[in-house]
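Please read the following report alongside the sequence and the coordinates.

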Amino acid sequence: MISLQLSKLLSGVKLVNAGKIHDIEITGLEVDSRKVTPGCLFVCIRGMTQDGHEYIGQALSSGAAAVLCEYIPENAPDAAVYALCEDMPAALGTVCASMYGNPLEKLDLVGVTGTKGKTSTTYYISAIMNSTGAKTGLIGTNGAFIGNKPIDIPYQTSSTPDILELYRILAEISDNGAKHAVMEATSHGLVQRRMEGITFKLGVFTNITRDHLDYHKTFENYIRAKALLFRQCELGLINRDAKYVGELLETVTIPVKYFGIGKGDGYFADDVELLPDGVRFKVYIKGRKQSFSLGVPGKFTVYNALAAIAAASELGVPADAIAEGLNAIKGVPGRFESIPNNRGISVIVDYAHTPDSLENIITAVREFTTGKVITLFGCGGDRDRGKRPQMGKIVGELSDFCVVTSDNPRNEKPQDIIYDILPGIKETNAAFTVEPDRKRAIETAINTAKPGDTVILAGKGHEPYMEFENRRREPFDDKVEARKVLDGGVADAPNA
């Protein structure tokens, strides 16, 4: 990162005290007072639980050269250099762009939002672009990458990083010669303005179903949160077949193009084949019918692939090159990920943690399973309780056997979460067992399976941890635990 004069760094920021700023050299930006180094501009962010203004003294003691804030607390040192603004998210976006050399002037950025499919779609877009030789950055749930090279993120708590970290990543992507980047744009990130001031070349909408109502409170608020992305895009790519797409489009004023299955103007699939080992379909692109295939089963895969096809095409990739890049994709970590074994059973690890995503994954598994479908799942603590019985009912209706267990209980007791799930399962009269210990639950699910059966380990996907009270995380990986069992672990047979 280059150093800048404070006046240049704040150029474009609407300041309350613009005439009183001393021009000094700034060598970095920081929003965490514990990470301040000499020469930094300390930026005071007011979050949900903490207010950065309370830590001005600590930041100055650590060598902060100046403070960007919305107000000056009574106990703050008088001699410090303060820059006062009225809109901190807007100010921070402007400051980050200046400090990191305006990386978006060199990058075409694609943002993907939706309840499901964000990670897979961003992965597919990145893989297609990289396959053409166009080095592409990727930012999302599974981390950040330039091509296939990981970018170090000290501690990622969200699929959408805060804007300071986001600009650092975008600058690194740009400095390494990439011309494109694709990122997940979450509803939390949009509402919290973590992408403030960023312009996206393309905005992609995959779908919307019930999720995150613990935060957004109402489904209408959730839809409006997703729609915020399209205020920052040049072109929207919208799933025409998604529920509530009409409500989303009510506030969208930019040009849009559509994708879906059937007939339509845009990117639409026909001759769709849902196969045990993947999907095949055809799409008219610029007047020519192109065949596509992807080795990930399920109808939802077609929609994720269509979103990626539409984005790559709008970025100038020819249809045959898109098809070649898509065909080479072997899957996304933690998304419909198969665990090889010699037991004659299928073991699938997937991130599905909403009613709709569970329905999609179990339905897709049904298409190739000759025996029984055994589904292990739980619900996250401190999250929307209303979806818990819904998830239980869906799993009970679609599975032959259910294993109800723990999934990131956070500040709740696993047993309490399970009690919320059980009424939905009992409504279906499905066979089930309860095992709060997820490790033993995985043993039970796998060791219950017979040749021809499929075991779905749902909810954790790529996550290498279990989250408990006060954000405490302990190592735990469904894939690792599944492999241990498949290599000879033993569990007691469950009682239905």
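## Helix 4 and helix 11

In this predicted model, helix 4, which covers residues 118-131, and helix 11, which covers residues 319-327, have axes that come within 8 Å and cross at roughly 115°. The crossing of this pair is right-handed. On the side of helix 4 the meeting residues are Y124, I128 and S131, and on the side of helix 11 they are A321, I322, G325 and L326. Sorted by class, this contact holds five nonpolar and two polar residues, with no charged residues.

## Helix 15 and helix 16

A second pair is formed by helix 15 (residues 438-448) and helix 16 (residues 478-486), whose axes come within 9 Å and cross at roughly 50°. Because of that angle, helix 15 is oblique to helix 16. The crossing in which helix 15 passes helix 16 is right-handed.

Helix 15 contributes R438, K439, I442, E443, I446 and N447 to the contact, while helix 16 contributes D478, E481, A482, V485 and L486. The residues of this contact divide into five nonpolar, one polar and five charged.

## Helix 13 and its surroundings

Helix 13 runs over residues 387-398, and its twelve residues reach 17 Å from the first C-alpha to the last, which is close to the 16 Å expected at 1.5 Å a residue. Its buried residues are K387, R388, M391, G392, I394, V395 and G396, a list that includes the charged residues K387 and R388.

These buried residues pack against two helices and two strands, namely helix 12 (355-366), helix 14 (414-426), strand 20 (373-377) and strand 21 (401-404).

A305 belongs to helix 10, which spans residues 299-314, and it counts as buried because its relative accessibility is 0%, under the 20% cut-off. Setting aside residues up to four places away in sequence, A305 touches Y124, F281, L294 and L326. Two of these partners, Y124 and L326, also take part in the meeting of helix 4 with helix 11. From K135, A305 is 170 residues away in sequence and 20 Å away in space, C-alpha to C-alpha.

T136 is found in strand 8, which spans residues 136-140, and at 1% relative accessibility T136 also counts as buried. Apart from neighbours within four places in sequence, T136 is in contact with S126, M129 and N130, with F145, I146 and G147, and with A178, H180 and A181.

## Positive phi in two loops

N102 is a residue other than glycine with a positive phi, near 50°. N102 lies in the loop that joins helix 3 (88-99) to strand 7 (108-113). With a relative accessible area of 31%, N102 is partly exposed, so its value falls between the 20% limit for buried residues and the 50% limit for exposed ones.

Y244, which is likewise not a glycine, has a positive phi of about 65°. Y244 is placed in the loop between strand 13 (233-239) and helix 9 (245-249), and at 38% relative accessibility Y244 counts as partly exposed.

Notes: Residues numbered from 1 in each chain as written. Predicted model: local features only at pLDDT ≥ 70, side-chain atom pairs only at ≥ 80, totals over all residues. Heavy atoms only, no water. Helix = DSSP H or I, 4+ residues; strand = E, 2+ residues; numbered from the N terminus. Buried < 20%, exposed > 50% of the residue type's maximum accessible area, 1.4 Å probe, protein only. Contact = heavy atoms within 4.5 Å. Expected span 1.5 Å × (residues − 1). Axes fitted to C-alpha atoms, helices over the stretch in contact; angles between N-to-C directions. Parallel < 35°, antiparallel > 145°, perpendicular 65-115°, else oblique. Left-handed = near helix turned anticlockwise from the far one by under 90°.
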